[in-house]
Protein chains: 4
Amino acid sequence: MVQGAGSARGAAQSAEQVAEMAARYEAIRAFTESLCVTLQPEDYVVQSMPDASPVKWHLAHTSWFFETFVLEPAARARRAPFTSFHPRYGYLFNSYYVSVGARHERPQRGMLTRPSVEEVYEYRRHVDAAMRTLWGELADGAHADLIATIEVGLHHEQQHQELLLTDVKHLFAQNPLRPALRTGASPARGISGPELRPTDFSPFEEGLRSVGHGGGGFAFDNESPRHRTFVEAFALADRPMTNGEYLSFMAAGGYRRPELWLSEGWDAVQKQGWEAPLYWEREGDHWQVFTLHGLREIAPSEPVCHVSFYEADACARWAGARLPTEMEWEVAAESALVQGNFAESGWLNPRPTQVDEPARGPRAMFGDVWEWTASAYLPYPGYQAWAGSLGEYNGKFMSGQMVLRGGSCFTPASHMRTTYRNFFPPSARWQASGIRLAR
Amino acid sequence: MVQGAGSARGAAQSAEQVAEMAARYEAIRAFTESLCVTLQPEDYVVQSMPDASPVKWHLAHTSWFFETFVLEPAARARRAPFTSFHPRYGYLFNSYYVSVGARHERPQRGMLTRPSVEEVYEYRRHVDAAMRTLWGELADGAHADLIATIEVGLHHEQQHQELLLTDVKHLFAQNPLRPALRTGASPARGISGPELRPTDFSPFEEGLRSVGHGGGGFAFDNESPRHRTFVEAFALADRPMTNGEYLSFMAAGGYRRPELWLSEGWDAVQKQGWEAPLYWEREGDHWQVFTLHGLREIAPSEPVCHVSFYEADACARWAGARLPTEMEWEVAAESALVQGNFAESGWLNPRPTQVDEPARGPRAMFGDVWEWTASAYLPYPGYQAWAGSLGEYNGKFMSGQMVLRGGSCFTPASHMRTTYRNFFPPSARWQASGIRLAR
Amino acid sequence: MVQGAGSARGAAQSAEQVAEMAARYEAIRAFTESLCVTLQPEDYVVQSMPDASPVKWHLAHTSWFFETFVLEPAARARRAPFTSFHPRYGYLFNSYYVSVGARHERPQRGMLTRPSVEEVYEYRRHVDAAMRTLWGELADGAHADLIATIEVGLHHEQQHQELLLTDVKHLFAQNPLRPALRTGASPARGISGPELRPTDFSPFEEGLRSVGHGGGGFAFDNESPRHRTFVEAFALADRPMTNGEYLSFMAAGGYRRPELWLSEGWDAVQKQGWEAPLYWEREGDHWQVFTLHGLREIAPSEPVCHVSFYEADACARWAGARLPTEMEWEVAAESALVQGNFAESGWLNPRPTQVDEPARGPRAMFGDVWEWTASAYLPYPGYQAWAGSLGEYNGKFMSGQMVLRGGSCFTPASHMRTTYRNFFPPSARWQASGIRLAR
Amino acid sequence: MVQGAGSARGAAQSAEQVAEMAARYEAIRAFTESLCVTLQPEDYVVQSMPDASPVKWHLAHTSWFFETFVLEPAARARRAPFTSFHPRYGYLFNSYYVSVGARHERPQRGMLTRPSVEEVYEYRRHVDAAMRTLWGELADGAHADLIATIEVGLHHEQQHQELLLTDVKHLFAQNPLRPALRTGASPARGISGPELRPTDFSPFEEGLRSVGHGGGGFAFDNESPRHRTFVEAFALADRPMTNGEYLSFMAAGGYRRPELWLSEGWDAVQKQGWEAPLYWEREGDHWQVFTLHGLREIAPSEPVCHVSFYEADACARWAGARLPTEMEWEVAAESALVQGNFAESGWLNPRPTQVDEPARGPRAMFGDVWEWTASAYLPYPGYQAWAGSLGEYNGKFMSGQMVLRGGSCFTPASHMRTTYRNFFPPSARWQASGIRLAR
């Protein structure tokens, strides 16, 4: 079904390969549920804004994905009758796949007090059991065409792990009681620590470079094909911008100076009344921030987070710099290891970048915060959407959005890679989005 | 605190009187909770539209009412320190009492996944326990000034019993799974029964009449003072209009003929796309209706329900009649017993009116459906709002709303009386509102 | 066509009667145009808000009224072919008569740069010429059935004279150049004059009274039938509230005290940012007001004008009083002469009430400012809308509006009478609406 | 003031150069007014939507530009007092230059019935006279720093010539009378002519190419710097897509097939109810189109016009092709002459492309219709906004818009060049925007 979704496509898998995939499936499904252990049933239900979804919906939708795109075709291939877990779940838990059929409207997801949380977990159990049956058949060489789709399903579930966290954070932030998802040791390293060294910029030479996914491992269709691009000489900051630096931008009147802003950004500032990043709250003469560990003081040396593209762009202009293009970012990240502060750390908040000496190249390109780029989210030259329903996965969103790179503290580590292109509208702030400067 | 709220005000109560009030308190509080027995925790949380509130909010707000207007003043009277159950509940569960302090915004009530359902029930237990302490002091003659407020609190809780039911109905109706609050025996009496006899109109003579609450028992401030009004001769239908009759209005193009509608009503028809009462769903060539027992066929002989004032007005015009004024309604209801199909029946749906022979006066004036009147909700001559914060209870809503009379299948029986004035905007449809014709 | 529209209906008229009507027609049509003499073509075109209409539209619509409801039926009666002045004007200049056919949408009236002003005046000439032909036939006894409709047409044109003035005022107020419709002698009598004496209240006794139009002269259908109503004893202010008094309300924090306001009114204050009447502009530490003579200082002894019902209601509450019902107003006005500062004075602004000695009853009931009443605009008992298309004139607006009484400085004098019921939504401020207190 | 705005900057001009510029000034100013000769005063006033401006406003704003950015600095340089034509025009006719001061709000431009059309023409005369005085000083070597700004002012006025035409077209299209700006010979060449030959695609080889403005003549800041870009091999259609081809897209269900659309585009289709290009009107079973010559039949061989980016993108997908990037477009246009059907032809409508034999490269790259590209409007590498207030001209709009290339039948010929980047939001349809396919 999915063409070009990684190296495994279409070829029968060895028993070891299947076993590896089955183990990853179990681990990823379990990690999703581990994120919810402190939630009460009430917390699973509410949709705090149209862009967010209830936790329950994330849990069910990722299961629907496997049921619809893997289990049902497998049954067809066996010429066996297929009975979905519930006749209406296809309608309730389809996100946006027009070709699959009618859907419950996105802004209405929060109306669904039923199925209950318990029933949704049963749905997950049901799908997991059916997947376990499938592994055997796969090891016997059947259903080779489904391998690539299962791979997509795993990465899809990881995307929803991140969204689940950002959506819960948004939900809890609406509550004057300021509930915390995680308690225990405070993640506020850096509150009283020394200010970081000033940003250094690492130079990169001009040249004709190749970017995009070149095969070897999984990638989404929007990362392909690998292609040449000419990049002018540029310099990239050695670390993301910090809260302390952002406070300077604010102190310099950043939110009151239209000349720093794109026209649409200035409109947003005025209509939304922005005067600080999302989740910052003024408390007397200083600022606090709401985190998944609750409300606490701003840590000046942490990367600034939950800013829109407009804020990132304005702050870069104020700093006499600009945002990097996604090509520049990828060129700079090419030699870096894909490691950093990801969701598995349990920190669930950006951490100060360790830059103890003059930087030898950009640090912390991965994890902590998604980095807004100056690039609109558009198809690469020669882009082909996946065939079939999964063709709706990425391509149809290629207008009105900006690219972010590098993953965040809410992204699972194994979900990230150098060529990964995330995308959100320029006004979005509820993702863990931050700023890296370029020149 | 409350002036004029029934006969008990300001006078110390006998031990019997206090015991009677305590018993009523316990019964009313228990009845509220009995309405929720089939709900799951998820069902308590969601707000399906800005006009509705989550079940959890109803449970907490009614407790906040007693805590704020009874328990805290009682503590002050004792010169005892007062600790509210939770320091933020005053903010979260104040509805609209500006004079009491800041409030969580109404359309945000559905964002509160915490406090949990369990914590809200603890809050209720806490308030109930404190009230039990108070009864003793009241029997000893203390706090006589609080009696009237407690009385208000009981009627207030009954109002929220009705809203809880209409709000759950609205919530469940949003869910494609069509959950039911009540299962078991179907309440669809009248689906296949014989059509009712045509409506008879009972005549009433012109005259100077007195209307409004004249003392004796509790009444809200908006029912006073009792006053004279001149009523022309009129005739009133012997029963509410039925679904069958309303289907005739629909079949006659009622929703497509602007000449039948008030100008604002016609706007609403077009903007909202109305073509039937709320909760009706077309299924092929016939109509089904969503009830608290789930989806079922329309019963032609049941009173039509969940229509707006605009629909009631247009349908009356189509029928060559009109809606009664609230004065006409009260005059006609004066001699009727306040009994009918109320919430206690557990039916939770209107029932066909029993009119087996030519009517000797209007039937079913109480219960089944609230009856829209042709009267705007305005103060009676000489109206005085209650003193203090409870002055915000009724008076400030006296614009933009129409009066409804008689109570519905969701109203507790002991909450109703002949002079009772309910009020909603003319476009509201989620209350159990129906039609009685006049000429 | 029009039933019950004045005494003349259906009966042939004497030559004198026809001549009188023809003379009135000419005078009214000329007065409309006299209001426009200082306008430039550009001023005729623009619609400054959906509730207002362009001057050009008023000029054309009033002509369309005669063409459609008088000239076309007359042609039909003669069995003569009828050619309208322009085949599309029926579409463009029908206001809201659904039964007459499709219409250009109200909020789009300002899109019509064509027909030009010149063409609209030609349209008027065309209709006037055809009317002149008709008078002869009427004097010969023909078309007796049209007399009542012509009478309606005359009053209809007078209503549009008032709207033309209020709409031009609203339009000019949007322009930072602050254009004036009238120049020359300033109308600001009362700016520096002595404050008026405090308001006196005149008492009226309780009793069963008759109100509404009782025949004799023209009246709209909504003023009938004359009927009995019981009025409690009340007292009415001897003059409208002044700007000076309203400034005291403002100084007392009137716009910042929710307890003074109806709930919908308080919403309006906050959403609209009201802090003074419409057309008031703060200039340093004092207030100016935009009038049809341009911008000038507030005159403290002039009646306050351009307030909404909500403001009138809140200010009355602040003053320890209330607004009168329309029944009280009519009872109080019964013995007063219908005279005052009307449009013919050319003053086009309210004038201070002359109350030189203790009042012997309310003054200035007519002219200056429309007086908001506490009554919703609803049908009188036994109300019958006119037959035919003119039945849409008044009846279908009987929801969501409040009654105003007495006419204003923009109303033609001969248009006013004691039983006249004007109506606007409670938030409307662009009519010359003011406040008279009652108790 | 303007840095880098063409070759003339900062250097004193010879008398011949000044004379040439003065002649161009006169010609451009006169051409603006020639576009208005058939307008009536009423037509100059109205704003048909927030994106459009009244004709009067265009006439005044272009004059304000010269007054503010040229005449006032010239007076300062002379140390002479400067009096603007009217003290409020700076407020009324500033478009969006935040750094220049407060402005009348854009959506309120249509409220300004004053200044009259006559006064606006006087304003133009006044500015023109002052410019004539300036030419002498410039020939004497003074004000060399203003030359570049004057050049911008000329191109600015040409941009408003185009907007004036598109805004009048939009305004007249709102009027059921369907007024025409131009009468006389019909521009509907191609209605009954033979269908054009099928589109041919011309191939272009991959390579590292240079794009952007390289000096020599005027260009806007957003066209610079000239820079290298790697372009993959591609093929470009030899002509714009025609109405006939677009009708095939429509007949194939183009507006009802979500799989052809970007997600935002499909939303727009549903919310706006699009089912054909703007200005198309269904008449029975065929389509008519509103043009500046009035309503007429669709001409199948004319380029399709007034489509949004979303429609262009969906139609290209349906055709098995895609839109070109702006780099591809510029590479393909490099060798073409900048000539075509521009505003000077007076045709004011696209014309069928003459492709009489197999194409030897793309035709009609210039004029007729702006061609949507697949490129978001973003800064070129190393982009520098002009210094000072004119820095707001282009840079701050670099988000949320797509690039269009080549000019249209409403663009003045001398305004166009190969590197010109026009930009509009992807939903915009009131510009003369069309489709050229690429592969």
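A salt bridge is a side-chain nitrogen of Lys or Arg within 4 Å of a carboxyl oxygen of Asp or Glu. Across the interface of domain 1 and domain 2 of chain A, this rule finds zero salt bridges. The model is a predicted one, in which local features need pLDDT of at least 70 and side-chain atom pairs count only at pLDDT 80 or more, while totals for chains, interfaces and linings use all residues. Residues are numbered from 1 along each chain as its sequence is written, chains are lettered from A and ligands numbered from 1 in the order in which they are written, and side-chain values use heavy atoms, with hydrogens and water left out.

In chain A, an automatic or database domain assignment gives domain 1 (15-173) and domain 2 (201-434). The centres of these domains, taken over C-alpha atoms, are separated by 28 Å. Their contact (heavy atoms within 4.5 Å) takes 29 residues from domain 1 and 30 residues from domain 2. The buried area, meaning the accessible area (1.4 Å probe) that two parts lose on being put together, summed over both, is about 2,600 Å² here, and carbon and sulfur atoms give 66% of that. On the side of domain 1, Tyr96(A), Glu162(A) and Lys169(A) lose the most area, together 27% of what that side buries. Polar contacts (a pair of N or O atoms within 3.5 Å; within protein, one must be able to donate a hydrogen and the other to accept it, and residues adjacent in sequence count only if both atoms are side-chain atoms) link 16 residue pairs across this interface, both residues being at pLDDT 80 or more.

Between chain B and chain A, the contact takes 30 residues from each chain. About 2,500 Å² is buried between the two chains, with 62% given by carbon and sulfur atoms. Glu42(B), Met111(B) and Arg114(B) supply 29% of the area that chain B buries against chain A, more than any other three residues. Two salt bridges are counted between these chains. Arg114(B) forms a salt bridge with Asp43(A), with the closest N and O atoms 2.6 Å apart. Nine residue pairs are in polar contact between chain B and chain A, both residues being at pLDDT 80 or more.

Chain C is superposed on chain D by a rotation of 180° with 0.1 Å of shift along its axis (RMSD 0.1 Å). The two copies are therefore related as by a two-fold rotation axis. In chain C, the C-alpha nearest the axis belongs to Glu42(C), 2.5 Å from it.

Terms used:
Copies are superposed by least squares on the C-alpha atoms of residues with pLDDT of at least 70 in both.
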